[in-house]
Amino acid sequence: MPPRHIAILGGGLTAKTTGRLGLQHRTRPASRRPRLCSPRRRPAHSPTVVKLRPRAGVLDPPPPGSPIRSSPPPKSSPAAKNRYLHVPGTPGIYKIPGPRLSYLWSELRFFIQPGINFELVRGWNRPEGVLDESLESFLTRRGHAITARVLGSAIGHGIYAADARLLSVRAAFPKLWELEEKGKGRILWYLLTRGKKAREEEKQKADEEQRQYQLGDVPKLMDGVSVYSFRDGMGTLADALGRAVAKNPNIRMLPGTEVTGLRFDDEHGFEISTDRTNPLLPSHIVSALPLPALAKLIPDSHPLPYLTTNPASSVTAINLVFPGTKIFPRGFGDTLAPGEGITKVTVMMGGPHRLREGDTALPVVLAHLQYHLNRRAPLPTPLVTRTWQHKECIPTPLPGHLERMKKLKEALDGQGWEGRMEVVGAGVRGVSLGDCVESGRGVGSRWA
Ligand SMILES: Cc1cc2nc3c(=O)[nH]c(=O)nc-3n(C[C@H](O)[C@H](O)[C@H](O)COP(=O)(O)OP(=O)(O)OC[C@H]3O[C@@H](n4cnc5c(N)ncnc54)[C@H](O)[C@@H]3O)c2cc1C
């Protein structure tokens, strides 16, 4: 049944991308006042039909006065080139070495080299029938336990705020799994020796993916830039998408409205109750809610599997602005507005480590930083401190996640749901902004 009236649940990046790219350009009025979501109860067959019309997704070029702060550091700057790692149990941070001569005297080589040596000689060693495993198990199997523990945990913490022993390698780092297959077991060897043809194919694929987006002036704006920040934080992206969605007369947004229930309705398809409006009566639903939030809404008559299998990390982010620019090693922290003599760093706490009361108090945070920087003298008092608590904000896909999401999709296509609800968002496809945008952009293609 083609959609007549679609409700998008959620107010994050995925929901807004769904409205902006996934559905907006496939919609046009079929009658007087069509919309994707209406809070009012209407008689059956009321003029709320949305016709689907396929078109490529188009992003507006950035408005004048770019939200990206001026003069982001170029690729040659220390902030772009230098990455540091703290190894638990040792004070200070180590610069992650690149493939240069300086690797020979980098302290981190003691942790990295065993992984490289074993990766190069091990060959194919994926046990038969293994369809997924944790990031740490993958890195240990391919390389060495020391490398896996030090690098794996840094990658797991840095990207997913999660324990590398729990994180599904296939869901979180599908490229690694793919490269293992392409290199018949030897990832590094494959990367170093793959021929011109393989490189060209990779470039072609990347170009093709990029062509699906109209990027406006963004490539020019970002030319030579590798590190950048938004003047008003990452929310800038979701806010801009929200403004674009709001301009679509087919879409009614209900900000600040909580969905409190969902049930099947013989006449319309679904009935959604909220804390603020009359019931909504869509024929189709896109859920971009966190999966555990969706689980609470699903009626017992139509259960869906695996919505609560994965845990989620809570993160406390603390922004600190220090006077001076020489407090940290070169490139650590972000020198804002050169000439103004201040440095901004963000401390992320929590993730797999449950925080206790007092752990995020400023003196404790500064003591951590002092230890991480191996500084004798205490740090200066920050000029600005901002603390953000993000509760259960980043889902951790456990091994087997892809298989489970396949089964969830089968259930959504199966009896009862009949493909009338799509479930997207960070908990399904991946947590990065890119994954969320892709996830929202792909919505509705099957409903044409
Ligand atoms: C601190 C932090 C730093 C990050 N840094 C990066 C980074 O540097 N790069 C990167 O690529 N990604 C980063 N991410 C990840 C990325 O921001 C998220 O994965 C992404 O924003 C998730 O978007 P989403 O729309 O899928 O989910 P969410 O943003 O979680 O949206 C879900 C929405 O559902 C709403 N909701 C929940 N229950 C209900 C209900 N019952 N009724 C109505 N609405 C409901 C919520 O209010 C929310 O608006 C970071 C995430 C965090 C938390």
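**Lys184**

Lys184 belongs to the loop between helix H7 (174-182) and helix H8 (187-193). Helices (H or I, at least four residues) and strands (E, at least two) are DSSP runs, numbered from the N terminus. I also looked up the phi of Lys184, which is near 50°, a positive value in a residue other than glycine. Most residues other than glycine have a negative phi.

A note on what I am reading: this is a predicted model, in which local features need pLDDT of at least 70 and side-chain atom pairs count only at pLDDT 80 or more, while totals for chains, interfaces and linings use all residues. Residues are numbered from 1 along each chain as its sequence is written.

**Tyr306**

Next I found another positive phi, about 65°, at Tyr306, which is not a glycine either. Tyr306 sits in the loop between helix H12 (291-295) and S9. It has 18 C-beta neighbours inside 10 Å, so Tyr306 counts as partly exposed.

**Ile96**

I then turned to Ile96, in the loop between strand S5 (94-95) and helix H3 (109-122). Ile96 is partly exposed, with 15 other C-beta atoms within 10 Å. Its C-alpha atom is separated by 9.9 Å from that of His86, ten residues apart along the chain.

**Helix H9**

How many of the 16 residues of H9 are buried? The number is zero, so H9 lies largely in the open. I checked the span of helix H9 (residues 196-211) too: at 1.5 Å a residue, it should be 22 Å, and its end C-alpha atoms are 22 Å apart, which agrees. The expected span is 1.5 Å times one less than the number of residues.

**The three-stranded sheet**

I traced an open sheet of three strands in the order S1-S8-S13, with parallel pairing. Strand S1 (6-9) and strand S13 (421-423) are at the edges with a single partner strand each, so one side of each has no neighbour in the sheet. Two strands pair if DSSP finds at least two bridges between them. S1 and strand S8 (residues 284-287) pair over four bridges, and three bridges join S8 to S13. I noted Ala7 opposite Ile285, Leu9 opposite Ser287, and Ile285 opposite Met421 in S13.

Which way do the residues of S8 point? His284 and Val286 point one way and Ile285 and Ser287 the other, and all are buried. In a regular strand the side chains alternate between the two faces of the sheet.

**The hairpin**

I followed strand S6 (residues 259-265) into strand S7 (residues 269-274) and found an antiparallel pair with six bridges. A hairpin of three residues joins S6 to S7. Leu262 has Ile272 as its bridge partner in S7.

**Around the ligand**

Last, I asked which of the 24 residues around the ligand come nearest. They are Gly11, Gly12, Thr14, Gly425 and Ala426; a residue is near if its C-beta atom, placed from the backbone, lies within 6 Å. The elements giving two or more residues to this shell are helix H1 (13-23), strand S9 (312-323), strand S12 (384-395) and helix H15 (433-441).

Note on methods:
Buried ≥ 20, exposed ≤ 12 C-beta atoms within 10 Å, placed from the backbone.
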